Amino acid sequence: MEFMDCDLLSNRCRRRNFLLGAGFFTGLAVASQELPALAKPRFSDYPFKLGVASGDPLPDGVVLWTRLAPEPLYGGGMPLRNVVVRWQVALDENMRKVVQRGTVLATPALAHSVHVDVRGLEPGRWYWYQFQVGSEDSPIGRTRTPGAFNNAIKQLNFAFVSCQDWQNGFYTAYRHIVNEELDLVVHLGDYIYEYGPQSGGPRQHNSPEIVTLQDYRNRHALYKTDPNLQAAHAAFPWIVTWDDHEVENNYANLIPEENQSQQAFVTRRANAYQAYYEHMPLRRSSLPNRADMQLYRRLTFGDLAEFHVLDTRQYRTDQPCNDGLKPRCIQALDANATMTGAKQEQWLFRGLDKSRSRWNVIAQQTMLAEYDFDGRPEIGVFNMDQWDGYVAARDRLLSFLNQRQPSNPIVITGDIHSSWVHDLKLDFKNPASATVGTEFVGTSITSDFPTSFIAPVQAALSDNPHTKFFDGAFRGYVRCKLTQERWQSDYRAVSSIIDPNASISTLASFVVQNGQPGAQRM
């Protein structure tokens, strides 16, 4: 969202360092079969400058990612031909106890990125992985498989993050995430920002506002050069989804924010979606078809947690009332307005209904709970880009939670660059209404929350009694610890986003008890 007012890794010396300490589907990969030999590649520089990553863990497998890019900010610097990349998975960080290996083609069509869908792994354990191309070795990454479906899991630790505007600050939060005892990281969107250079920040974007495929590739590459971000990717598997800035601020479906033709925006969206896939540890099921990309999906961690990962940008109807922060117009109550589209909404409801997990995590983008920024009942001021602009769609979800009562629904949210905790009420206008779930809204990694907004939000807290916590001053992430009986969310804040050596502290901690929706401060 945007509020309405409304060092590169050194080349060869670090290639073997453990970052954790600090064409087409590249599913041409096979575990025991070599691809036909091609000419030994030569590179202008170290080809693994963008690091390694893993994602979407399953009990028997995980997606491994890298991209060959010796000149990452200038199109990658790779020849226009296929290159054989070797990969291996081991039980130890020295890569001596190799359990699987294979080869995969890095193709120009996908910017020489590779996505290896490794299967046949054991559930509930750590693995290490590495890529090789020619005589070059990638950094070593670490990943973890979840416990087997329906197996009893005692504990799950994860952090969720969002909104990492390169220009606004350093990714010191990721340096601290690497030191946390986590099983995974969930990214809720705004992985990149599309804007051109803006003066005043500690670092700048590398081009004017991005539009072309090459633009989006170079912007993703810029962000991926950050050593703290690389370290966090190499330390844990990630689950990712997007918000708006991966394409354009506040876009909705095929409707751009700015005044451009739909045809031009469809082309821009296709470029953005392809570059997103090329730079994320996603399965082939998410390979874009031009301007369409399947991103909503479900991941399960034994009997403890199921993540229902949403996409609330690709299918939504246009923001009502001409967007912005304002009183609701009649369009905000339209029964046909949607955040998810009908198909995804029904997918979510079916998944929640069938879930047998103790905690049902709805991972999504914009704030679900109502928040009246004015507080006076005769006026009411709401953010039209959030679920407050899609009241009927929110009512359908909350009514479903009330009627079907899936086990412990917890919504995790990004977007708004500030920290919030909400009890999700069946009727936000009635404090005595049933509490049907809990929402934890995480602040940004670096993106700004205007200081001028802090006091008005705080002043309206008493008129929004379902809101249990707000902080707009600090950036960071939310660390979550799940057991069979309790969910704990710790709001972790860095002391500064312009100091690469900033410290970390906990602003506040909240718990949800099994079977008791609503958050309690510790």
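Visitor: How many disulfides does the structure hold?

Guide: A disulfide is a covalent bond between the sulfur atoms of two cysteines. This model is predicted, and it holds 1 disulfide. The bond joins Cys321 to Cys329, with an S to S distance of 2.1 Å.

Visitor: Is the disulfide of Cys321 and Cys329 left-handed or right-handed?

Guide: Read the torsion about the S-S bond. For Cys321 and Cys329 that torsion is about -95 degrees, so the disulfide is left-handed.

Visitor: Where is the nearest cysteine sulfur to Cys163?

Guide: Cys163 is in no disulfide. The nearest cysteine sulfur belongs to Cys480, 16 Å away. Cys163 is buried, at a relative accessible area of 1%. Turn to Cys480: this residue is in no disulfide either, and the nearest cysteine sulfur is that of Cys163. Cys480 is buried, with a relative accessible area of 1%.

Visitor: Now strands. How do I read the two sides of β17?

Guide: In a regular strand the side chains alternate between the two faces of the sheet. Apply that to β17. Pro409, Val411 and Thr413 point one way, while Ile410 and Ile412 point the other way. All of these residues are buried.

Visitor: Which strands pair with β17?

Guide: β15, residues 359–363, pairs with β17 in the parallel sense over 4 bridges. Within that pairing, Asn360 has Pro409 of β17 as its bridge partner. β19, residues 435–441, also pairs with β17 in the parallel sense, over 4 bridges. There, Thr413 stands opposite Val441 of β19.

Visitor: Do β22 and β23 run parallel or antiparallel?

Guide: Strand β22 (residues 486–494) and strand β23 (residues 504–513) run antiparallel, joined by 9 bridges. As a landmark, take Asp490: its bridge partner in β23 is Ser509.

Visitor: What do β23 and β24 form?

Guide: They form a hairpin, with 2 residues between the strands. Gly515 sits in the turn and has a positive phi of about 80 degrees. β24 spans residues 516–521 and pairs with β23 in the antiparallel sense over 3 bridges. Gln513 has Gln516 of β24 as its bridge partner.

Visitor: Next, the core. Which residues of the largest nonpolar core touch the most other members?

Guide: That core has 45 residues. Tyr174, Ile177, Trp238, Tyr276, Leu282 and Met293 touch the most other members. Now see where the core comes from. Elements that each supply at least two residues are β9 (155–161), α1 (172–178), α2 (213–224), α3 (227–235), β11 (238–240) and α4 (262–278). The largest share, 6 residues, comes from α4.

Visitor: How do I find empty space inside the model?

Guide: Rolling a probe the size of a water molecule over the atoms shows where empty space is left. Here, the second largest cavity holds about 50 Å³ of space. Its lining consists of Thr340, Glu345, Leu348, Phe349, Trp387, Ala393 and Leu397. Two or more lining residues come from each of α5 (342–354) and α6 (391–404). α5 gives the most, with 3 residues.

Visitor: How do the residues of that lining divide?

Guide: The lining of the second largest cavity has 5 nonpolar residues, 1 polar and 1 charged.

Visitor: Last, loops. Is Gly76 buried or exposed?

Guide: Gly76 lies in the loop between β2 (61–67) and β3 (83–90). At 1% relative accessibility, Gly76 counts as buried. Gly76 and Asn218 are 142 residues apart in sequence, yet 7.9 Å apart in space, C-alpha to C-alpha.

Visitor: And where is the place of Gln314?

Guide: Gln314 is in the loop between β13 (305–309) and β14 (325–326). Gln314 has 2% relative accessibility, so this residue counts as buried. Gln314 and Leu64 are 250 residues apart in sequence and 25 Å apart in space, C-alpha to C-alpha.

Methods. Residues are numbered from 1 along each chain as its sequence is written. This is a predicted model: local features need pLDDT of at least 70, side-chain atom pairs count only at pLDDT 80 or more; totals for chains, interfaces and linings use all residues. Side-chain values use heavy atoms; hydrogens and water are left out. On a 1 Å grid over the protein atoms alone, a cavity is a set of points where a 1.4 Å probe fits but cannot get out, and a pocket is an open set with protein on both sides within 12 Å along at least five of seven lines; lining residues have an atom within 4 Å of a point. Grid points are joined across faces, edges and corners, and a volume is the space filled by probe spheres set on the points. Ala, Val, Leu, Ile, Met, Phe, Trp, Tyr, Cys and Pro count as nonpolar, Asp, Glu, Lys and Arg as charged, and the others, Gly among them, as polar. Buried means under 20% relative accessible area, exposed over 50%, partly exposed in between (1.4 Å probe, protein chains only). Two strands pair if DSSP finds at least two bridges between them. A disulfide is a pair of cysteine sulfur atoms within 2.5 Å. A nonpolar core is a set of buried Ala, Val, Leu, Ile, Met, Phe, Trp, Tyr and Cys residues joined through side-chain atoms within 4.5 Å.
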